[in-house]
Amino acid sequence: MSTTRELRVAIIGAGMSGILAAIKLREAGIDNIVVYEKADRIGGTWRENTYPGLTCDVPAHSYTYSFEPYPDWSSYLAPGEEIQGYFERVVKKYGVGEVIRFSQELARCEFSEGQWHLEMKNGLKDKADFVIAATGVLHYINYPDIPGLASFRGSLMHSAKWDHSVPLEGKRIGIIGNGSTGVQIVSALAGKAKLKHFQRSAQWIMPVENNAYSDQQKQAFADDEELLKNMQNEETYVKAVMRFTDAITDAESEGIHELQEIVTANLEENVVDPKLREMLRPDYLVACKRLVYSPDYYEAIQHPDSDLVIDDIECVEPGGVRTRDGKLHELDVLVLATGYEVGPFIRPAEVIGRDGVRLNDVWASGPTAYMAISVPGFPNFAMLNGPTGPVGNFSLIDIAERQWGYIEQLIELVHSGQCREVSVTAEALDEYNEARIEAAKTTVFASGCTSWYIGADGVPITWPWSYDRFIEEMAKPQLESYELV
Ligand code: NAP
């Protein structure tokens, strides 16, 4: 006969998904929880990023927890600091601040004698029955390997470490990188400074309007619960997401064709100079790289004080960036919008599972996890937004909530006393990986471009199937894939 077992759960990371886990565990009656956060504030990516123009390209009303809609978004796409404010309010409202231990960076966790033994960098030790890794996907900065970078005499910063003491107005600013971040920075600074945007490969730009909400609209959302819920699940957006997520599974799909027409028309209709237009035209399919949404990038790059540089960067010198054509682009500020390392997830913390198996060894040829959640040999351990999960142009909050629905069923197996340890079998992960790699071949991510979606083995690292399939898989763990001890 099974009995309820007292569980202690440790959550690593107090970003969007760690906060979600803490709220949901309490709701499920599991109160013995702790969240270890390496920084001194919650927020994850929204705490780290404060660059000019930082905006979430998922509509603000859809970028909320499903159980906590928010009526006061200032605009269709919310600025980063409003999103940070949203998470801070949620933490307060749900009272989870009291279980967060700040300035505690996980150094090591090891599963032995049926429990996880955790050790923080500062030596603090703890034990937990379950560990939830909510450490985010893009966290560790990718500093480009450009010769002479350290010799730059002006101000040098990565987009995720913005130095707000550096004056920008009227300065000569170089921005390396044109992913979502670089594009947002250029759009925000155009007309305020003399910009050089260094583009290694062109990006397709999806047009989007970003209208402000009036006070009357915000009041209406606050007064009418149903209206607010409808905003959260706004039909046009939900349909667009479903269409997009289906389209990316097949590079030759009608959906990709339609998206291609939209971004091509955006380029043709909004970039006047034919030479610039060709410089901005990618030579790969739409959505192969993570699609950039922007209401104003083309306008920004056509500003008289903006300059698109497509010559390869040779090196950085004290006075600026030298390109291979021999030209020195003199700069006061150099911004690296060069993205992130994708591989770490919970690492560099050392994670040791059953019988001394090391996550570093298991992931030697790249991080992977069954259903993006479980790794064989690591019992009572689950990841939110882990490797091979859906990442893309839609809300990672929704993804995390669906993953949580799955993880809480795994926890419940232990909580209810059905087993003491639950871990995925090696066969289940092998089968999953085989099918995933096969399916990944036809996705648009594999259609011929470089991006952070591509793993070290050349295979896209993201969920290769439809969104519907993800919803289906997350509804209930297939227990035959798990070993219950
Ligand atoms: P990213 O998409 O990885 O883009 C990095 C950029 O830096 C690319 O343009 C890349 O060029 C360039 N680059 C890297 N190393 C370089 C080098 N050595 N020399 C020249 N160029 C170099 O990074 P990100 O823009 O920070 O965005 C990361 C992710 O964060 C996005 O994909 C998205 O998921 C998320 N994000 C989301 C939002 C949002 O609104 N929701 C906003 C910002 C970021 P190549 O393309 O040639 O490699």
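The model is a predicted one, where local features need pLDDT of at least 70 and side-chain atom pairs count only at pLDDT 80 or more, while totals for chains, interfaces and linings use all residues. Residues are numbered from 1 along each chain as its sequence is written, and side-chain values use heavy atoms, with hydrogens and water left out.

**Around the ligand**

- The ligand is surrounded by 22 residues, and the closest are Asn-178, Thr-181, Ser-201, Lys-289 and Trp-452 (a residue is near if one of its heavy atoms lies within 4 Å of the molecule).
- By class, this shell holds eight nonpolar, 10 polar and four charged residues (Ala, Val, Leu, Ile, Met, Phe, Trp, Tyr, Cys and Pro count as nonpolar, Asp, Glu, Lys and Arg as charged, and the others, Gly among them, as polar).
- Helix α4, residues 180-189, gives the most to the shell, with three residues (helices are DSSP runs of H or I with at least four residues, strands are runs of E with at least two, and both are numbered from the N terminus).
- Polar contacts are pairs of N or O atoms within 3.5 Å; within protein, one must be able to donate a hydrogen and the other to accept it, and residues adjacent in sequence count only if both atoms are side-chain atoms.
- An N or O atom in the side chain of Trp-452 sits 2.8 Å from an oxygen atom of the ligand.
- Backbone atoms take part too: a backbone N or O atom of Asp-57 is 2.9 Å from a ligand oxygen, and a polar backbone atom of Ser-180 is 3.2 Å from a ligand oxygen.
- The protein buries 84% of the 920 Å² that the ligand exposes when taken alone (accessible areas come from the Shrake-Rupley method with a 1.4 Å probe; for residues, only the protein chains shown count as cover).

**Cavities**

- Five cavities of 30 Å³ or more turn up in a search of the whole structure (on a 1 Å grid over the protein atoms alone, a cavity is a set of points where a 1.4 Å probe fits but cannot get out, and lining residues have an atom within 4 Å of a point).
- The largest cavity contains about 80 Å³ of space (grid points are joined across faces, edges and corners, and a volume is the space filled by probe spheres set on the points).
- Of the 13 residues that line the largest cavity, Val-137, Gly-386, Thr-388, Gly-389 and Val-391 are the closest to its centre.
- That lining has eight nonpolar, five polar and no charged residues.
- The second largest cavity has about 70 Å³ of space, and its lining residues include Val-391, Phe-394, Trp-463 and Tyr-467.

**Residues worth a look**

- Ser-306 belongs to strand β14, residues 306-309, and is buried at a relative accessible area of 10% (buried means under 20%, exposed over 50%, partly exposed in between, with a 1.4 Å probe and protein chains only).
- A polar side-chain atom of Ser-306 lies 2.7 Å from the backbone oxygen of Ala-300.
- Glu-113, in the loop between β4 and β5, has a positive phi of about 50° although it is not a glycine, and Glu-113 is exposed at 83%.
- Asn-380 has a positive phi of about 50° and is not a glycine, but Asn-380 is buried at 0% relative accessibility.
- A cis peptide bond, with omega about 15°, joins Arg-347 and Pro-348.

Key:
1 Å grid on protein atoms, 1.4 Å probe; cavity = no way out; pocket = protein on both sides within 12 Å on 5 of 7 lines; lining within 4 Å.
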